[in-house]
Amino acid sequence: MNKLISAKEAAAKIPDGATIFIGGYMGESSAKAVIRELLRSEKGGFTLLANDGGQVRKGEAEPYLGIAQLIHAGKVRKLIATHVGLNPEVSELVNQGKMELVLLPQGSFAEMIRSAGAGLGGVLTPTGVGTEVEKNEFTIGKQVIQGKEYLLMAPLRADVALINGTKIDKNGNIWYRGSTRTFSTVMVTAADLVIAEANRIVPVGEVAQENIMTPGVYVDYVVAWEEES
Amino acid sequence: MNKSELKHYIAKRAALELKDGDVVNLGIGMPTLVPEYLPEGVTVTLQAENGLIGCGPVTEENRDPHYVYDAGANPAALTADGCFTDSISSFGLMRGGHLDVTILGSLEVDETGSLSNWIIPGQRVFGMGGAMDLVVGAKKVIVVMEHTNHGQPKILKRCTLPYTAVHCVDMVITEMGVMEICEDGIVLKEYNPVYTIEEIQHATQAQLILAEDLKPYAT
């Protein structure tokens, strides 16, 4: 099956006001071409679920990296993340009441997505016990198991997962270089529509089958990253 | 001691807590100085929560911009025997008891072993990132920090800032001394001889219990 579409076609499939998982880490390894098309569209009001708020590098030609671009453009209604320290704009927008922010521990965030994608009813984790995380909208209970306290965290799903992979074939099989995979491997399991943007589209078989990190069965569409002149 | 000397002094003492073969996560700032002071014959595996096991120095040869970065999105590299994981495995490693030690800074620590280091209400929001999972999961949690903040105690009876986690800190190392958290409270195990015990207690809100074998700061 050929899942290749253009970045513009991919962005058109993302509904206005959608809830979207964004892969990548602090603005690195994001689906740049599709984000560029979203920025050009009229769409907004998104709820983003991501590790962080992207990154702002003051003084650079393109200071806003990854999600920070969507936030800066006013397209994000709510951000569910673990760390927003590299994007000071998040704090400002939240204080001005222009954006909602929910913070989750990074390990809980990962497992909450995994549980949704694996058909489970949530996660019991010791992380966050006795902290403000207990008051979180996604913390749905507290249990003592074998004498130890755990928080019950809700599964996290989204309408769309938008991730980046280093090498992707037309079937959507993905290989990630270096440290770039982070949450992408679970985000693709817990969304109704999965769009994977490739740094390079490769022939089927270029990535050895045992080295495929995300099986193509999870991926609906594949987009090639291209620089624009 | 100036600030830099103080940081190195604390980092050097913290390094003595690491054993050969330990899997270790280092927080930002002072903890990153610890590897400089590893005792002879001690090799540790440095883990970063965004999926790096076996972090090593970045060189011209191994740098891989935009593909290999640490938890703060700074350029990173692995040693030859290191590997990458996804975030699921990275945090499973912590919570599952496979991380021997985490060394991190803190704004406050209290005598029940609770710590607060992720948010100051009213100030810019950063978020907890991986800190809550780290301190809950690591087998040994070592806090390294200055003993006071502009003269105000940071080692308290109860933290005043929102908790990062409760009852998880094993040891606190400052420029004044080395303290262990136990059932009864905070035990002063070692002290920096440039301070008197009274001065150290005065800079500490929690009541210090003096160890039976209280001795000068090991270096």
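**Questions about two chains**

Student: Which residues of helix α2 in chain A are buried?
Tutor: Keep in mind as we go that this is a predicted model. Buried here means under 20% relative accessible area. In helix α2, residues 32-40 of chain A, the buried ones are Ala33(A), Val34(A), Ile35(A), Arg36(A), Glu37(A) and Leu38(A).

Student: What do the buried residues of α2(A) pack against?
Tutor: Their partners include both helices and strands of chain A. The helices are α1 (7-12) and α3 (67-72). The strands are β2 (46-49), β10 (158-168), β12 (191-201) and β13 (221-224).

Student: How far does α5(A) reach from its first C-alpha to its last?
Tutor: At 1.5 Å a residue, the expected value for these twelve residues is 16 Å. The helix in the model comes close to that, with a reach of 17 Å.

Student: What is the phi of Gly119(A), which follows α5(A)?
Tutor: Gly119(A) comes after the helix, and its phi is positive. The value is near 75°.

Student: Why can we call chain A as compact as a globular protein of its length?
Tutor: Chain A contains six helices and 13 strands. For its 229 residues, the globule rule gives a radius of gyration of 17 Å. The chain is as compact as a globular protein of that length because its own value is close to this, at 18 Å.

Student: What share of the residues of chain A count as buried?
Tutor: Let's take the contacts in chain A with a separation of 6 or more first: 73% of them are between residues 24 or more positions apart. As for burial, the share of the 229 residues is 58%.

Student: How far apart are the centres of the positive and negative side chains in chain A?
Tutor: The chain has 23 positive and 26 negative side chains.

Student: On to chain B! Which strands do the buried residues of α1(B) pack against?
Tutor: Helix α1 of chain B spans residues 3-15, and its buried residues include Leu6(B), Tyr9(B) and Ile10(B). The buried residues pack against β5 (101-104), β8 (140-144), β12 (171-173), β13 (177-182) and β14 (185-191) of chain B.

Student: Is His66(B) exposed or partly exposed?
Tutor: His66(B) sits in the loop between β3 (52-56) and β4 (77-84) of chain B, and its phi is positive, near 70°. Its relative accessibility is 48%, and exposed needs over 50%. His66(B) is therefore partly exposed.

Student: What is the relative accessible area of His150(B)?
Tutor: His150(B) lies in the loop between β9 (148-149) and β10 (152-153) of chain B. Although it is not a glycine, its phi is positive, about 50°. His150(B) is exposed, with a relative accessible area of 78%.

Student: And which residues does His167(B) touch, not counting residues up to four places away in sequence?
Tutor: His167(B) is in the loop between β11 (155-156) and β12 of chain B, and it counts as exposed at 58% relative accessibility. The residues touched by His167(B) beyond those sequence neighbours are Thr112(B), Gly113(B) and Ser114(B).

Notes. Residues numbered from 1 in each chain as written. Chains lettered and ligands numbered in written order. Predicted model: local features only at pLDDT ≥ 70, side-chain atom pairs only at ≥ 80, totals over all residues. Heavy atoms only, no water. Helix = DSSP H or I, 4+ residues; strand = E, 2+ residues; numbered from the N terminus. Rg over C-alpha atoms; globule rule 2.2 N^0.38 Å. Buried < 20%, exposed > 50% of the residue type's maximum accessible area, 1.4 Å probe, protein only. Contact = heavy atoms within 4.5 Å. Lys, Arg positive; Asp, Glu negative; His and termini not counted. Charge placed at Lys NZ, Arg CZ, Asp CG, Glu CD. Expected span 1.5 Å × (residues − 1).
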